Amino acid sequence: MHKGFSFNRVYKLIKRDLVLLRGALTTSVLVAVVLLFLFSIFNMIWDQQLSTSEFFGIFGIFYIPLGLLFTFALFREFNDSKKNHMYLILPVSIPERLFAKWLTSTLIYTFVFSVIAVLVGMFAMIVGIIVFGADFTPISLVSVSYWDLLKTYFLVQPVFLVGAITFKRNRVGKTILSLGVLVLCFALLHFILYALFNYSLGVFETDGLGSVAFDKAGSDFSSLGKWFYVILLGPVMLAVAYFKMTEKEV
Amino acid sequence: MLSIKKLHFAYSNSPAVLSNINLNFSTGNIYGLFGKNGEGKSTLLKLMAGLLFPMTGSCNLHGEPTKKRQPHILKDVFLVPEDFELPSLRIGQFEKINSSFYPSFSKTQFYDLLEEFGLSPSNTISKLSFGQKKKVLIAFGIATNTPLLLMDEPTNGLDIPSKSQFRKVMASAVDQGKCIVISTHQVRDLHSLINHVVILDDSKVCMDLPLETISENLWFGMTPKKNLEDVIYTESTLGGRAILARGERDETEIDLELLFNGVIEAGVKITESINSETHA
């Protein structure tokens, strides 16, 4: 048996997960398809058009929550004490397990859901053209609004992945609660940093804190902060997920 | 094949379940792992499968710790747990999604065993009884052909005909390249199946012997009317069964239930008797 990282085992794990979740996936996607179609149709009633940004606004309502719920569903077996022996005893390494789960819940999910959503959007537009005489606006996956959604999902998803691994019960609620606490802590940290760096500039003595601070700031650390959060939410969370999976016992 | 050295394990905020466990399991044997309820049989099997991690000590398969869950180690282990749930799939689908991970898996063997157990690949697992689900997992475990097969209370939930069916299936499954460890507190279910006994009591191993050694040194039968000093352990029930030092007596069939009770009640006397007989 191949001792290193094996893509063949990753492929088998992905296939296994998809077969196990086939029923739930089909139902969820069908519900999303129907809602996506209805929302698109309702959108066209008012102005007889479905612009790309409008469509991806509707797409985002389903894409992110459904993806996060899918992430939790993928780890249901992992945290079920009556089922997880079968998964944990499979001859697959931890990096392969994590990669399979991440790949399924990000790239594969995004690709499949985007293709389905675009097809549904096009169909809704055809219906709109026939019924309301709506304008034809081609839906393109190279639009900025689509990629912004993807960026948001790819950054938030690892946090929910860690939540799905860590919590055994009320996993969604506990993850959102933890994330809320984390956001509050970071907001507080930002306020403290803001006060520390801007106090000497006298921005607290005026009314418009932010705008005055930006005007008076000598250095811009926003790109540094952006990278801090990208690294924290992406690779660091995946590393945490790896260690959580390594430590997992039945 | 699998060696356990100075293993210690406790669940959080609980007293030790296993303490200073030293065991070696080798191929070509079917081990019977016995112990009272809560003595750590299931825990030991989970530690052997790498599903739990020892607090101290080691559990190595082919010299590598099972807790690392390396694919080249896990491909050689399969565990049939006592309590489990299987996904709501047809048996055939269940086999397809799981068998590809085990290089020595035999589809023919799996479907033959299913037939033996009176199940069909088209049966949906969620609609089966617990005993039937157990049969699916037992058949799958045997068909993986892993050198180490661990079974935790495999006969729990099986009806009387299924228990003899299980014995028949297990007897045909064993070969020189396999090591099978069966844990149970229903010792009679493993009658004529095992060739090595491991008994756990009070978090420790209190017997680890091949049946051959036991039958060479101990005699099982009705309590004698005279020479009561030869009796190591006796039970008043069922006309009085007893364990005696074999000495010059004819070889008897090992009464596993009597042996188990004897080891729990008079373990030191039995061990001393076996040691003295072996040295004599």
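**View 1. The buried stretch of helix H5 of chain B.** In H5(B), the buried residues are Lys134(B), Lys135(B), Val136(B), Leu137(B), Ile138(B), Ala139(B), Phe140(B), Gly141(B), Ile142(B) and Ala143(B). Buried here means that 20 or more other C-beta atoms lie within 10 Å of a residue's own; exposed means 12 or fewer, partly exposed is in between, and C-beta atoms are placed from the backbone. This is a predicted model, in which local features need pLDDT of at least 70, side-chain atom pairs count only at pLDDT 80 or more, and totals for chains, interfaces and linings use all residues. Residues are numbered from 1 along each chain as its sequence is written, and chains are lettered from A and ligands numbered from 1 in the order in which they are written. Helices (H or I, at least four residues) and strands (E, at least two) are DSSP runs, numbered from the N terminus. Since 10 of the 14 residues of H5(B) are buried, the rest of the structure largely encloses it. The cover over those buried residues includes strand E6 (77-80), helix H3 (91-99), helix H4 (107-116), strand E7 (148-152) and helix H6 (160-173) of chain B.

**View 2. Helices H1 and H6 of chain A, crossing.** The axes of H1 (residues 7-20) and H6 (residues 94-132) of chain A come within 9 Å and cross at roughly 55 degrees. That angle makes H1(A) oblique to H6(A); under 35 degrees would be roughly parallel, over 145 roughly antiparallel, 65 to 115 roughly perpendicular, and the rest is oblique. On the H1(A) side, the contact uses Arg9(A), Val10(A), Leu13(A), Ile14(A) and Asp17(A), and on the H6(A) side Glu96(A), Arg97(A), Phe99(A), Ala100(A), Leu103(A) and Thr104(A). Contact means C-beta atoms, placed from the backbone, within 7 Å.

**View 3. Where chain A meets chain B.** Here 20 residues of chain A are in contact with 24 residues of chain B. H1(A) gives the largest share of chain A's side, six residues.

**View 4. Two asparagines with positive phi.** Asn170(A) isn't a glycine, yet its phi is positive, about 45 degrees. You'll find Asn170(A) in the loop between helix H7 (144-166) and helix H8 (171-198) of chain A, and it counts as exposed because it has 10 C-beta neighbours inside 10 Å. Asn13(B) has a positive phi too, near 55 degrees, and sits in the loop between strand E1 (2-10) and strand E2 (16-25) of chain B. With 5 C-beta neighbours inside 10 Å, Asn13(B) also counts as exposed.

Definitions and conventions. Axes fitted to C-alpha atoms, helices over the stretch in contact; angles between N-to-C directions. Contact = placed C-beta atoms within 7 Å.
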